[in-house]
Amino acid sequence: MSITPLAAVPSVHRATPVFRGRIGRDARSGHYAVPHRYRLHLSTACPDGLRLAVGHSLLGLGDSCPVTVLPAVPDGPGGGHAALRPLYEASAHHYTGPALAPVLSDDWSGRIVSTRARDILRDLDHFPHESPAGLYPCGQESVLEAVERMCDEGIEEAAQRAGRAGADPAERAAALDVLLDTLGRLENRLAGEEYLVDGRLTAADVELWVTLVQLDTVHRCHLDASAVHRIAGHRALWAYARRLAAHPAFGRHLDLDGISRRHHGRCQGLEAAGAAVQILDWAGHAADAEDVSRR
């Protein structure tokens, strides 16, 4: 699969995380992938938390790396979680910043290993798991990274700029063009393939699916109806999102009410006509996933 970087779109700026530990494949790495040592702390109303929850389920790590699910709306200062404050204070002397999720913690030391969601997901792939080939197929690293860029810059960042209140109309139109171009390229790929990479579920599908959830449940609310109809016109792409929503590892983690409450608690933008044009019945497809998981 050939996915080119979106050179016309500036990179998304991300603040440097405080905790950037990595889990290796053996004891020489310091933090190594031993079962029952680590714990994930996440909120599935947060995109990074949802990515980790889905990846964790695909790998079947429920027993070897337990998950603590946090409230959808953070209850601590600075957008942090009160439950994570002891971990942050144990991990950094006189830490005064917000206790943000997601977190991978080490139960042996009682400290934080990492707060970088994508690093954490890659490192979970080092554990003994139920997915024979893992989420990061060998030789496909550049493709996986390109999908991440497309999700970050071509969808997430472009959708934010296309719906930004008070922005110049020409700037919003240009951002919408970037968004539609990105969706069109993914549409062309998925018109003939079930998954993005290697003919099977990988981290690329986790990235794209969570990004599409955000596009329809959050960013759509700030776009006009015409723009949403153009976005919804990518039939293969949304059929793919619908199919994954019915997969237990994806749909059962959808907290639509939590996503809505988190969005309204943080957002200062204006609601537009596109808010009334829902693309997928996420609740219905998530219910299908629950039915499948009970069988």
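The axes are lines fitted to C-alpha atoms, for helices over the stretch in contact, and the angles run from 0 to 180 degrees between N-to-C directions. Helices (H or I, at least four residues) and strands (E, at least two) are DSSP runs, numbered from the N terminus.

A word on the source. This is a predicted model, in which local features need pLDDT of at least 70 and side-chain atom pairs count only at pLDDT 80 or more, while totals for chains, interfaces and linings use all residues. Residues are numbered from 1 along each chain as its sequence is written, and side-chain values use heavy atoms, with hydrogens and water left out.

I will start with helix pairs. Two packed helices are described by the angle between their axes and the distance between the axes. For H5, residues 169-190, and H8, residues 235-245, the axes come within 7 Å and cross at roughly 70°. H5 and H8 are therefore roughly perpendicular to each other. On the H5 side the contact (heavy atoms within 4.5 Å) is made by Leu183, Leu186, Glu187 and Leu190, and on the H8 side by Arg235, Ala236, Leu237 and Tyr240. By class, this contact of H5 with H8 has six nonpolar residues, no polar ones and two charged. For the classes, Ala, Val, Leu, Ile, Met, Phe, Trp, Tyr, Cys and Pro count as nonpolar, Asp, Glu, Lys and Arg as charged, and the others, Gly among them, as polar.

The next pair is H4, residues 141-162, and H6, residues 203-217. Their axes come within 9 Å and cross at roughly 5°. H4 and H6 are therefore roughly parallel to each other. H4 contributes Leu144, Val147, Glu148, Cys151, Ile155, Glu156 and Ala159 to the contact, and H6 contributes Ala204, Glu207, Leu208, Thr211, Gln214 and Leu215. The residues of the contact of H4 with H6 divide into eight nonpolar, two polar and three charged.

Now the core. Buried here means under 20% relative accessible area, exposed means over 50%, and partly exposed is in between, with a 1.4 Å probe and protein chains only. A nonpolar core is a set of buried Ala, Val, Leu, Ile, Met, Phe, Trp, Tyr and Cys residues joined through side-chain atoms within 4.5 Å. Which residues have the most contacts inside the largest nonpolar core? They are Leu208 and Trp209, in a core of 74 residues. Leaving aside neighbours within four places in sequence, Leu208 is in contact with Cys151, Ile155, Leu186, Leu190, Leu196, Leu237 and Tyr240. Another core lies apart from the largest one and has 10 residues, among them Phe19, Leu87, Tyr88 and Ile112.

Next, H10, residues 256-266. The buried residues of H10 are Gly258, Ile259, Arg262 and His263. Seen down the axis of H10, they fall within an arc of 130° (taken over the directions from the helix axis to the C-beta atoms), so they line one face of the helix. These buried residues pack against H1, residues 47-59, and H6. On the other side of H10, His264 and Gly265 are exposed.

Then the loop between H5 and H6. Not counting residues up to four places away in sequence, Thr202 touches Leu135, Pro137, Leu144 and Val197. Arg200 lies in the loop between H5 and H6 too, and at 18% relative accessibility Arg200 counts as buried. Arg200 and Ala133 are 67 residues apart in sequence and 9.6 Å apart in space, C-alpha to C-alpha. Ala133 is one of the residues in contact with Arg200, neighbours within four places in sequence left aside.

Last, the backbone. Ala101 and Pro102 are joined by a cis peptide bond, with omega about 5°. Pro102 is in the loop between H2, residues 85-91, and strand E3, residues 103-106. His94 is in the loop between H2 and E3 as well; phi of His94 is near 55°, a positive value in a residue other than glycine. His94 is exposed, at 65% relative accessible area. His36, in the segment before strand E1, residues 38-42, has a positive phi of about 70° although it is not a glycine. His36 is exposed, with a relative accessible area of 56%.

Key. Parallel < 35°, antiparallel > 145°, perpendicular 65-115°, else oblique.
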